[in-house]
Amino acid sequence: MGFLDIFLVEALVNGLLLGGVLALLALGLNLIFGVIDVAWICYAELVMFGMYAMYYFAVVYGLGYWIAAPLSIAGVGLMGVALHLLVISPLLASAPINQLLATGGVLFFLQSLATVMFGIDFRNLGIRLPTIEVADVFISYARLLAFGAALAGMVALYLFLTRTYVGTAIRAISQDRQIMALMGVDTRRIYVITSAVGGALAGLAACLLVLQYDVHPFVGLSFGPITFMICVMGGLGNMIGGFIAAFIFAEIISVGGLYLDLEWGYVFAFVFFIAMMFVRPEGLLARRS
Amino acid sequence: MNAIPKGKVGLWAGAAAALVILPLAWGAPYPMHIMITILIWSFAYTSWSMMGRFGLVSLGHGGFMGVGAYVTALAWNNLGLSPWLGIPLGLLCAALLALVVAWPCFRFRITGHYFALVTLALSGIVLQVIVATRGLTGGSLGYTPDRVPGGSSIIAFQFTDKATWYLIALAVWAAGLVIWYAVERSMMRYALEAISEDEDAAAAAGVNVTAEKLKITVISAMMTAMSGALYCQYQMFVSPDTVSGISVSLQMVFAVVVGGLYVALGPTIGAVITILLGEALRIGFGPSAVGWDNLIYGLLLVVFIIFLPQGILGSIMGALRRTPARASA
């Protein structure tokens, strides 16, 4: 059985590393939701565009990974701003469900735009990062890097939200939308900044994911739903809840995928999600009361 | 929405007769195919709007459609169970799935966009289960019900004749509208409208909130499963991408929003517009049109939600209703 245990440990470690990236994705979504009270259904599609940006900057224009990454992050941040100004802000006063559906339309739009612009071929950076062996457990360097960068991104966001004036305003708005406007905070400006930060987090996730996965127009569908489930399970807008949920989900996917197929890992995660709603609906209701 | 005035009965009967006779008299295969497709999807979209119009926006209906299609086809291929029994079995499975997911949602007051996100998980589950059980379902490659020798059989619910399919699809579509009107005139509608306005107030007024919502959800899920089964039997091929998953769920929402959520024929208009648009692009641009149809759909969806949330038919009917009222006042 020792043979199996090594694989189990490896799956657990990989789950932990996957959890870092998922937590980063959930963080961006939670930030947007907590502050603007809008769920960007198309969040994973922003990540997909970020991955294409990485591909084009790094491979087609040959700029190298470390120059392509900030460019891509900035690009996706701008997309977040555009999304907010063009789609969300005209709908701020209408029913939340309309905002959700509008971003669903953006999901279709971005997916098709990628198909039209980039074609349906799978593309990758062609970077093969080595594997590290620690006590018989093989760890992919790309995943380790992603995990580290995700953690760094989260710490940076935490510092931004707690140590800067704008960050404080963002947190205040997420607590009470009406009062802050009366207190002289320009909510529109804060919304734009939040959208930019949320988009930039999607861009950061894209830089990390592109090291592990090929990019194609439908890549968003493979981690978009899971990101949403993580956010819902952690309590939409609740960043700490989302952080924990991300690691639970990642472990289920990774360990479930070890014993059966990867799809079964996802099935287990989804079933777990629905079962949790029976057992702990507070996770879902945390922000509503 | 009162009873139809007597003078209009003749008009409706004429329209119904025209719908039955004209396409059959014309009979060209391609237009027939388009009309059958429109009718099947119209029925699916109507099913979604049954609950969508009461503010229960589900993104899980792709899942119900997949269940209907795959249960029917799997029962036929593996158990030799005729679709006449397989389709009810599929509907039953969809109803059970709807209960399992919707009951905790309604019990714990998960509404609005929370509900939409939870049902989104349902689409994902059904899609992944179909892909994961590829030994049985063929996974992403799709699945084909076994053909009967000769091609047509009533027991196998397989017909090579487009006219037969047209009449079946027309009948099911009409049945969908009948259910829509039945709900429109029932007490359930008032209960659900009260719930969508304010759940607490509705509960205080004696409405059993959970039970009413569950009822409409199960009706909607079963109708959607029916559309999936019908689609599978007509196309004789299903794949997870065409009948389950998030794209299909969003496609339903999109078509209904474009057509009009609060009017009976809105989903049908939505289906006509989306399918004709898709076909026009496909014919106009050929293979290079890949992606353009969804590009335009997505753009239209956003534009409609921002500028015309009542949908095309809803806005037209709203304008018509307002004009005479103003004239008489």
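1. Helices here are DSSP runs of H or I of at least four residues, and strands are runs of E of at least two, numbered from the N terminus. The model is predicted: local features need pLDDT of at least 70 and side-chain atom pairs count only at pLDDT 80 or more, while totals for chains, interfaces and linings use all residues. Residues are numbered from 1 along each chain as its sequence is written, and chains are lettered from A and ligands numbered from 1 in the order in which they are written.

2. Met236(B) deserves a look at the backbone. Met236(B) sits in the loop between helix H10 (209-235) and helix H11 (240-243) of chain B. Its phi is positive, about 60 degrees, although the residue is not a glycine. Most residues other than glycine have a negative phi. Met236(B) has 15 other C-beta atoms within 10 Å and so is partly exposed. On this scale a residue is buried if 20 or more other C-beta atoms lie within 10 Å of its own, exposed if 12 or fewer, and partly exposed in between, with C-beta atoms placed from the backbone.

3. Helix H10 of chain B also holds Thr217(B). Thr217(B) is buried because 27 other C-beta atoms lie within 10 Å. Not counting residues up to four places away in sequence, Thr217(B) touches Met51(B), Leu56(B), Ala98(B) and Ala102(B); contact means that the C-beta atoms of two residues, placed from the backbone, lie within 7 Å. Thr217(B) and Ser58(B) are 159 residues apart along the chain, and their C-alpha atoms are separated by 9.3 Å.

4. The contact between the chains takes 41 residues from chain A and 37 residues from chain B. On the chain A side, the elements that give two or more residues are helix H4 (96-118), H9, helix H11 (262-279) and helix H12 (282-285). H4(A) supplies the largest share of that side, 17 residues. By class, the side of chain A that touches chain B has 32 nonpolar, 7 polar and 2 charged residues. Ala, Val, Leu, Ile, Met, Phe, Trp, Tyr, Cys and Pro count as nonpolar, Asp, Glu, Lys and Arg as charged, and the others, Gly among them, as polar.

5. Two residues of chain B have contacts in both chains. Val101(B), in helix H4 (residues 83-107) of chain B, is in contact with Ile274(A), Gly60(B), Thr119(B) and Leu122(B), leaving aside neighbours within four places in sequence. Val101(B) is buried, with 24 other C-beta atoms within 10 Å. Phe254(B), in helix H12 (residues 246-259) of chain B, is in contact with Gly105(A), Tyr297(B) and Leu301(B), again leaving aside neighbours within four places. Phe254(B) counts as buried with 25 C-beta neighbours inside 10 Å. Phe254(B) and Leu301(B) are 47 residues apart in sequence and 5.9 Å apart in space, C-alpha to C-alpha.

6. In chain A, helix H2 (residues 43-60) and helix H9 (residues 220-234) pack at an angle of about 140 degrees, with their axes 8 Å apart. H2(A) is therefore oblique to H9(A). Axes are lines fitted to C-alpha atoms, for helices over the stretch in contact, and angles run from 0 to 180 degrees between N-to-C directions. Angles under 35 degrees count as roughly parallel, over 145 as roughly antiparallel, 65 to 115 as roughly perpendicular and the rest as oblique. Tyr43(A), Ala44(A), Glu45(A), Val47(A) and Met48(A) of H2(A) meet Gly220(A), Phe223(A), Gly224(A) and Thr227(A) of H9(A). These contact residues divide into 5 nonpolar, 3 polar and 1 charged.

7. Also in chain A, helix H6 (residues 165-175) and helix H8 (residues 187-209) pack at about 105 degrees, with their axes 10 Å apart. That makes H6(A) and H8(A) roughly perpendicular to each other. Val166(A), Ala169(A), Ile170(A) and Ile173(A) of H6(A) make the contact with Thr187(A), Ile190(A), Ile193(A) and Thr194(A) of H8(A). The classes are 6 nonpolar, 2 polar and no charged residues.

8. The largest nonpolar core has 199 residues, and those with the most contacts inside it are Leu22(A), Val47(A), Met51(A), Ala205(A) and Phe249(A). Such a core is a set of buried Ala, Val, Leu, Ile, Met, Phe, Trp, Tyr and Cys residues joined through C-beta atoms within 7 Å. Leu22(A) touches Ile226(A), Thr227(A), Ile230(A), Ala246(A), Phe249(A) and Ala250(A), not counting residues up to four places away in sequence.
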